[in-house]
Amino acid sequence: MPRRGSAGSFSGPLSAIAVVSIALGVVVMVMAISILRGFQADIRDKVSGFGGHITVNSYGSYRAYEELPIEADSMLTARLSAIEGVKHAQRYATKGGMVKTDDQIYGIILRGLEPGYDTTFFSTCLTKGRLPAIGCKSNEVMISSTIASRLKLGVGDKMRTYFWEGDSYRSRAFTVSGIYNTDLTEMDEVYLVGDLAQVQRLNDWSAPQVGGIELTVDDFDALNATARRVADAVPFDFRVQTIVDQNPSLFSWLDLLNANITLILTLMCIVCAVAIVSALLIMIFEKSATIGLLKALGATSSSVRRIFLLKAVQLIAAGVVIGDGVSLLFSIVQTRWHLLTLDPESYSMTHVPIDINAWVYLGVSVGTVAVCLLALLLPTAHISRISPARTMRVEN
């Protein structure tokens, strides 16, 4: 029969299983957090791309297709841009209307942008053509792939659009300069992107009159604090809303996802703890004779515990390093090649987004090590109960 600690012992395979279990737990925890953060950031960026993080407009504007103008000259936008936490301020206006083709009538909202508008978001969403010319009352517009498909329009095509003004209407012949796609159904189904001056002409507004001002912030976590500073800097009859205020159901749903992540983290921590505790208990049971001999030679229980804790720390560290390495490798591959795809109609994106953040890896690693070490207090306490005399009798 093989002696304890020989090749026939259970501690070797169980140690390998413990390392694999910890590695898998770390992978699941890191990927769950990274995917959730990536998903939340992707949705947030798409929504804010159409409306900024903070919007300043009139209290009478309840719908995007029926805005009341505000007086917003360059001095006001410059003052808002100088507020702490504000990255950029830009003016916009929207106007509801409909597009008529030979066989269809389709409702749209024209979103007018001013010269100098930050078009980074629209550039990343552009699939065909180019961005519309902004300024000089340009008649170019960019439409979504959804609208282009339904109305059978392409780059360079003319589109006859009608806008209601009281009991009458005004028509405009726009030229499609480009086609964009955000995978956000609420946006792609209705929005045309064009020149602010066109909306001002349709509404008979003067140059300073716009539908509102969009603000982007440096730190989204400080959104509410920045919004309060903006509210203090604008006239009392201006309404200040954050992107969360405008989309409460969407952001409530995103916050609800955090509860799922908490559950996953709890379960994975339990799995890691059980794996390392099982491995250490088997190790202690197999080495009970050695522990008894060490105690008979004068070793204290605390010194023996340190030996087993060092071995357990090695296993935990190996599992954490392997788990972090696998997670990072998969994240880089997914970010670059988008191997895992999604249905855009269900998830508002074409692939699984991943946010690679060093703090996530550090937090999961430290948390896993801490939980496992706390769990080891139970099995190591058994060492003090091992009697040298009893183990000697068993061996004899």
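Okay, let's start with a pair: Arg-111 and Glu-214 form a salt bridge, with the closest N and O atoms 1.9 Å apart. By salt bridge I mean a side-chain nitrogen of Lys or Arg within 4 Å of a carboxyl oxygen of Asp or Glu. Arg-111 sits in strand 4 (residues 105-113) and Glu-214 in strand 11 (residues 212-217), so the pair ties together parts that are 103 residues apart in sequence. Helices (H or I, at least four residues) and strands (E, at least two) are DSSP runs, numbered from the N terminus.

Before I go on, this is a predicted model: local features need pLDDT of at least 70, side-chain atom pairs count only at pLDDT 80 or more, and totals for chains, interfaces and linings use all residues. Residues are numbered from 1 along each chain as its sequence is written, and side-chain values use heavy atoms, with hydrogens and water left out.

So, are those two partners buried or exposed? Arg-111 is buried, at a relative accessible area of 4%, and Glu-214 is buried too, at 1%. Buried here means under 20% relative accessible area, exposed means over 50%, and partly exposed is in between (1.4 Å probe, protein chains only).

How many salt bridges does the rule give? The count comes to seven. Another of them joins Asp-355 to Arg-37, with 2.8 Å between the closest N and O atoms. This one also links distant parts of the chain: Asp-355 is in the loop between helix 12 (344-347) and helix 13 (358-375), while Arg-37 is in helix 1, 318 residues apart. Asp-355 is partly exposed at 23%, and Arg-37 is partly exposed at 34%.

Then there's Glu-189 with Arg-150, a salt bridge of 3.3 Å, N to O. Glu-189 belongs to the loop between helix 5 and strand 9 (191-195), and Arg-150 to helix 4 (residues 145-151), 39 residues apart. Glu-189 is partly exposed, at 27%, and so is Arg-150, at 37%.

Now for a charged residue without such a partner. Asp-183 lies in the loop between strand 8 (168-180) and helix 5 (185-188). Asp-183 is buried yet has no salt bridge, and the nearest side chain of opposite charge, Lys-46, is 4.1 Å away. For charge, Lys and Arg count as positive and Asp and Glu as negative; His and the chain ends are not counted. What does the side chain of Asp-183 join in a polar contact? That's the side chain of Asn-181, at 3.1 Å. A polar contact is a pair of N or O atoms within 3.5 Å; within protein, one must be able to donate a hydrogen and the other to accept it, and residues adjacent in sequence count only if both atoms are side-chain atoms. Leaving out residues up to four places away in sequence, Asp-183 touches several others, including Lys-46, Pro-344 and Thr-350; touching, or contact, means heavy atoms within 4.5 Å.

Two quick stops on the way out. Ser-15, in helix 1 (residues 11-51), counts as buried at 11%. Glu-84, in the loop between helix 2 (74-81) and strand 3 (86-100), counts as exposed at 60%. Beyond its neighbours within four places in sequence, Glu-84 is in contact with Thr-226 and Arg-229.

Last one: Leu-263, in helix 9 (residues 248-286), is exposed at 51%.
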